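Trainee: I am new to this structure, and I would like to understand the terms used to describe it. Could we look at it together?

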Amino acid sequence: AEFAFGRIIAALIRGETTIVEEARFRTAQGDLVDVVVHVTLPPSDGQWQRVLLMAMDVTERRRAEARFKQAQAELTHVSRVTTLGQLAASIAHEVNQPLAAIRLMAENGAALLPRDAAPEVAGNLSSILRMTDRIARITDQLRGFARKAKVENYTLSYSGFKPLKQAFNDYQQRVPKAKFAAFCQEVGLS
């Protein structure tokens, strides 16, 4: 408050006729109040015969502005989290479709692989299957993080995708029943 009055006096000495300053005062009860002080020199012959002084308590307005800024910050945060959730869902969706196809092709390759084939090929196909499972878990966790849902690991089922279901049915017709049953048991479809 003392600095505000010092600036007001300095402005009056410089010849300014209207001065507005903000200050914080302590009331007799010990509360702090924000005040806007308007000082005006009415037209005169150059002497300070009259000074108009008006002080307005703006404490509640400042509190309302602070609450508004807090609400605005919270709204901005919610907006960002919502955008993050939409982005996460979109990424998960775009990754899961080709991932399902990659997994099905690896499963088909493993089932069609002759028993006397190079063990490196079977190992590579097994690695592809493990990686697709890992990527599926990661994208599911990404979606779960965005919606704050409990994420659980589970085996993916691709039978709901029509093109993949058709490929699965075609594979079933080409492979002998015993080998197909062993494949289903191995990938957990039995």
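Trainee: Which strands does H2 lie across, and at what angle does it run to E2?

Mentor: H2 lies across E1, E2 and E3, and it runs at about 120° to E2. Such angles run from 0 to 180 degrees between N-to-C directions, with axes fitted to C-alpha atoms, for helices over the stretch in contact, and contact means heavy atoms within 4.5 Å. This is a predicted model, in which local features need pLDDT of at least 70 and side-chain atom pairs count only at pLDDT 80 or more, while totals for chains, interfaces and linings use all residues. Residues are numbered from 1 along each chain as its sequence is written, and side-chain values use heavy atoms, with hydrogens and water left out.

Trainee: What makes E1 and E3 stand at the edges?

Mentor: The open sheet has the order E1-E2-E3 with antiparallel pairing, where two strands pair if DSSP finds at least two bridges between them. E1 and E3 each have a single partner strand, so one side of each is left without a neighbour in the sheet.

Trainee: How many bridges join E2 to E3?

Mentor: Six bridges join them, against the required at least two, so E2 and E3 count as paired.

Trainee: Why is Leu-87 called partly exposed?

Mentor: Buried means under 20% relative accessible area and exposed over 50%, with partly exposed in between (1.4 Å probe, protein chains only). Leu-87, which is in helix H2, has 48% relative accessibility and therefore counts as partly exposed. Phe-25, in strand E1, has 23% and therefore counts as partly exposed too.

Key:
Helices (H or I, at least four residues) and strands (E, at least two) are DSSP runs, numbered from the N terminus.
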